[in-house]
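Welcome, and please open your viewer for a short tour.

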Amino acid sequence: MDHTSPLETIFRRVALGVILVFFLFPIFWIVLMSFQTNEQILRIPPRVFFSPTLSNYKALISGELITTVGSLKLTFMHNLWNSFFLSTTSVLVALVLGVPAAYAFARFKFRLGEDIAFTLLSIRFAPPLLILLPLSLLFNEIGLSDTYIGLIWVYQLICLPLIVWIVRGYFEDISPDIEHAYRIDGHSWAQTFFRIAVPLARPGIAAAGLLSFIFAWNNFVFALILGSADKQPVTVGALAFVTAAGISYGQIAAAIVLSILPTLALALYAQRYLVEGLSLGAVKG
Amino acid sequence: MSGLELRHVRKAFGAHEVFPDLSLEVEHGEHVAIFGPSGCGKTLLLRLIAGIYDPDAGDILMDGRSILDLAPDRRGIGMAFQNFALYPHMSAFDNIASPLSAHGNSAPTEHVREIAGLLKIDHVLSHAPRALSNGQKQRTALARALVGEPKLLLLDDPLRNVDAKLRYEMRLELPKLLRGFDATVLYVTQDYKEAMALGHRIAVMSRGTIRQFGTPEEIYYQPADVEIARLFGDPTINLLQLQPEKSERGVHIRLSEVAVPLPDGDALPTGRECTVGLRPEVLAFVDADVPAAIPVTVEAETPLNEKVVSLVRTSCGHELLVSRPAGTPAPASGPAHIGVDPGRLLLFDPSSGDRIALQDAVSTRGGSTT
Amino acid sequence: MYEKERRLIEAFVGGRMSRRELFAGLGKLGVGAVAARYLLNDAVTSAMAADFDWMKHKGTHLKLLLNKHPYADAMIADIEAFKKLTGMDISYDIFPEDVYFDKVTAALSSKSSQYDCLMTGAYQTWQYGPAGWLVDLNEYINSDNTSSGWDKKDILPNLLASDSWSGKPGDALGGEGAKQWCLPWAFEQYCISYNKRIFDSLKLTPPQHMEDLIEAAVKITKSDNNAYGIGVRGSRSWATIHPGFLSGYVSYGASDFVMKDGHLKAAMNSPEAKKFTELWVKMIQEAGPKNWATYTWYQVGNDLGAGASGMIYDADILGFFQNNGDTKEKGNIGFHDFIANPEAKAPKSNVWIWSLAMSNFSKQKDAAWYFLQWATSKEHDLFGAIKGDMVDPARQSVWDNDDFKSRMGKNKGYLEQFEKTSPGAKIYFTPQPLFFNVTTDWAAALQRMVAKQVPVDEGLDQLADSINKQMEQAGL
Amino acid sequence: MNRRVLPYLLSLPALIVCIGIIVPFVIAIYYSMQRYNLALPYLRGFIWFGNYQSLFTSSEFWKTVTVSLLYTVFTVGIELFLGLGTALLLRRPTTFNNIAAILLLLPLMTAPAIASLMWKLMTNPGFGILSYLISLVGITNFKWASSPTTALFTVILVDIWVYTPFIMVLLIAGLRALPRQPFEAAELDGVPRTFVFFRITLPMLMPYIITAVLFRLIDSIQQFDIIYAMTQGGPGDSTLVFQVAAYLEFFQYTNVGRSAAILMVLWVITYVLSLVFVKNWRRLRERAHGAV
């Protein structure tokens, strides 16, 4: 892998540069906008240089938007908390349910096993719209409408299939002999699962957990339809800056930046598990 | 009481039947080498014993008790895997200590150090498996299997993935090491020398059955069939398709028109071809005037360390390998004569490959070894 | 309270005196501004309470479903007054406008009893009403449960009629057997909001009719003002049809449907309709926003406020917010009524009416009616119009109020356009439950015509065909 | 624990949670066979496959099918190409590469529903930075989401921007998890790099590629957020994909029956596509590991 010609090195760097610009320039621009007033953003042509303001962040964090009309209450920070709470608990529940299931599909060939695995996947492609109306009727019946528990349950639609199918692949990549050896050493099945299988599949669990966290975070239709205003995530909250009086691009930009931060922090934290992938390369049978 | 017993074990994967009906009885403390070509089910046999797989039928007993309803962790077995199967996220020390900690031994340090010392890996105990050389990995795996002092030790071709020098060393070292443990040992190998060196007895497996189970001598001198005869011995046994002839002095075969008498056998096949097995060391160069000397032409000669192997051709076209200790004189090429020790000649049924027992072959020659 | 002060305040509450006069009068009596405001609120509350038992549902808890809108903000600012007046508790869920009606549809279709009252527009009630989700408010308006101070006649009659419908497709709004599905609260009508700076620099005057408009718009687009001529909505949505487009459309004498043999037939391809649509499409092609097909209200508004467009033919309140918000063109926006058809005499404007409705699934409908009464009362409408941004209130008394007039008078031409447009401002759509199918298809057809994928003539014929087919399929 | 019961014990909790969600799904199938418009309650009735029949005979619906499939093929195809390329560039676990990989996840972290508002602004002909930048290279009349000829391109572009990182992160993890021996052997033997890529890297990576593409496929054919926020299905019906059509039927037209029927067709298409992929996934997995 190391024998690259200078020409190829240049090509690689240019390609990487183009990719980074394509994917990161819009983010960069959103960050810039978050430090501008609406008036500064809406200039022709757009400008890179401006005198930055923190007013957008102040408004979001303090929960008060000072306008000519007066002060308006914003619930953005509460939305942020809802997103965090819903995504975190949903992913945790999905991990608790999904990792053992993924292990079962990877390690055991059992009757109906593949069918169960495919059923779990298929809930991912049941279009949310299709089930939302019956589901909201059902939730009304059993008292789950407008509860966090109900929402976390529905969020399993997003998280569970992703975790089951990604983690399953990683479990399959672990040499079964390592687990057999541990069993023969005198450890119970559960000890083997928690001390061998799970740690070795950690890069996969981290990747699946991170991705399902992101997908849960980005969802809005479930909470919108099934929850009241105090359970809305940041994706719905950020739309509050679009009103009849106009659209506050600066605040939307700041809202995006603020809503990215927790996920980014999680990604940075998960990163050390993600890169474990290589060091364990020798594991694969 | 036998240390390990398999009774009519059957195992199939789908339509593929690996063991139709397998039985084996191993004495307590005995070291048994399971020898056979790859794909014959050796590894599966160990896995059935370890409890990784359950047999479809039959029973497996240790010390007279069935262990089938015991989970792998309750069978008191130590096992070393061919691919080592070290825990990549634990240090060599923790790898070795794993069986001890599993049984609640809270202070395994001394024990681990002791066994690591025996295996000469005490200096790398803090390393992660990926930082170990193949030899060190193999010793770590072995240490892990031994450290719990299991009643039954299963070694799955542990020398397969190490280099030749190390394999040679370990082949000498291992029997000594195992003698220090009071364990019944099953040792899987594809290398007949390993099997001969390590097993009190050798079980030769082929296509899901145990073809022969006996001491190394039995396997060598009285192979159950032509295939086993071919697998053991280096250079390999000379196999000739000949038709024994009957005369007033008994039954004989002819090599270069010279009659070689066969000892009396139960139903010596005459009038049809059978396979004659002549190990290279059974043949020897002799002077032309020795009775029944067989004239041959020496085609080539290869020195093989302690012995020299010559390729000779009989007048009727059979090619034979002749082996002699290095340093003994012999013609390097051209015409020569060889002699045969008829008592050590092997005869196989040409269709089944089974050995045809010759009268008293072993009782007259028993005790003599290579 | 002293007699003089009481009389002053009663005069104000009775509508005989402006707020400024009241405060001046109180000041003369030595009452400070803060105390005066307190006295006033107190007095308004007690005045309302005088002849009616507002406390009847004391202790009841109501929940509202609201859209994030300046009108809703104005209500929330006044909500304490309601609590004090009635002793009820009230809470509310606010959802962003982008998703508000999705939430309403979801909440009502699941028969959730969570919400007692909600904000809605008239078009939505054409679905919600027949679906059985809303209460016919006539039952309450004409009952003893209505305070005498809630003056029905004061509500702009066009609006009140626009919010009532019999439920039979094609029946006139507010006609025979009409049910009052909701009550007008505040609304918007459609006029020209223009950038005075740009108009002055090009020596333009507000356009008089469609052809005039196109000419002016083209002039602006071609000038070096870095702006295009005319902003209108263009997204694939009913929102594109109901403001300027339908207002001009009806001005040309066109209508969306005609009744034929007891069935509604699409009339988008009538000669008048084709004539107007030709002009409209030409206007966008020559002087509209380049990204017109993605434009909804906030982009139309943004462009005006940022000086990127010379004028808009859209809601008067949209121009108002751009004229009074943190925008580049703040204070530069003027307003003018618009008679699209040069042969017409008076402006016609379709309207969007933010209204309040009662959920049929509410478990406390009587109490909910108290809330609706209060929220659509003169007092609250006035509060919203003066203290909040409820800029097009639905009550005549507020428009007559001097404080309100002086506030709106700061926006050039606003009051004038209102006065001229208001008599012809009502819903011009034919009420029928497929309103959203029809208007979405209509918008999509306009998009095709503007993109020159299909000529106007042909496009409208296709549209009428397709709509007739849909109506037939739905059994209408 | 019993080897036969254990896998069921492990997978059943997950399945039970899902069954709670499958119940409403069955109700929805029932809806799809009804004439069921919320605003026309008196017309409600069971009509078997009437809704489907009306869909299959409508040219608008076939346009929706075509647009959805085009959208799916282009987004998933380009994202796979870009994602794989990026993953190969960032394969080695250097600090720079690790940081770049995390930064490249940022687009995925911006919720598409909101990010699309920003894209709308950035492609605005007046205030939009992207419109401005392309005008610098002489493209002045590009209409992005506003023209029927470029709208699909624009929404595909946004989808690529948002979701390529998803494929990238899974493939980086996959590449780094591959065993090293075959590569070392190939390098020792001086095997050409293109050969190594096509004969070693790609086949070994295939199970990961299939997983990533499978999830992208499911999400892409069901895309809603980006398209609805950018174009609402327009101009005309040039970007009217399944979910947008179904959304309009449900939330705007309150036509529950027809909406459910559209979504059922979508469900069947997704089901079949996924089944094909999962079959391949199993086969490739087994090939990569050697069947037991």
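Predicted model: local features only at pLDDT ≥ 70, side-chain atom pairs only at ≥ 80, totals over all residues.

**Stop one: a glycine and its contacts**

Now colour chain D by secondary structure. D:G128 sits in the loop that links α6 (112-122) and α7 (129-136) of chain D. Is D:G128 buried or exposed? D:G128 counts as buried because 23 C-beta neighbours lie inside 10 Å, and the cut-off for that class is 20 or more.

**Stop two: where chains A and D meet**

Next, select chains A and D together. Here 82 residues of chain A are in contact with 78 residues of chain D. Highlight α13(A), as the largest share of chain A's side, 12 residues, comes from this helix. Other helices of chain A that each supply at least two residues include α1 (6-33), α4 (76-107) and α7 (148-173). Colour this side by class and you will find 63 nonpolar, 13 polar and 6 charged residues.

**Stop three: where chains D and C meet**

Finally, keep chain D and bring in chain C. Contacts join 31 residues of chain D to 30 residues of chain C. On the chain D side, helix α12 (residues 242-252) gives the largest share, 3 residues. The classes on that side are 15 nonpolar, 13 polar and 3 charged residues.

Definitions and conventions
Residues numbered from 1 in each chain as written. Chains lettered and ligands numbered in written order. Helix = DSSP H or I, 4+ residues; strand = E, 2+ residues; numbered from the N terminus. Buried ≥ 20, exposed ≤ 12 C-beta atoms within 10 Å, placed from the backbone. Contact = placed C-beta atoms within 7 Å. Nonpolar A, V, L, I, M, F, W, Y, C, P; charged D, E, K, R; others polar.
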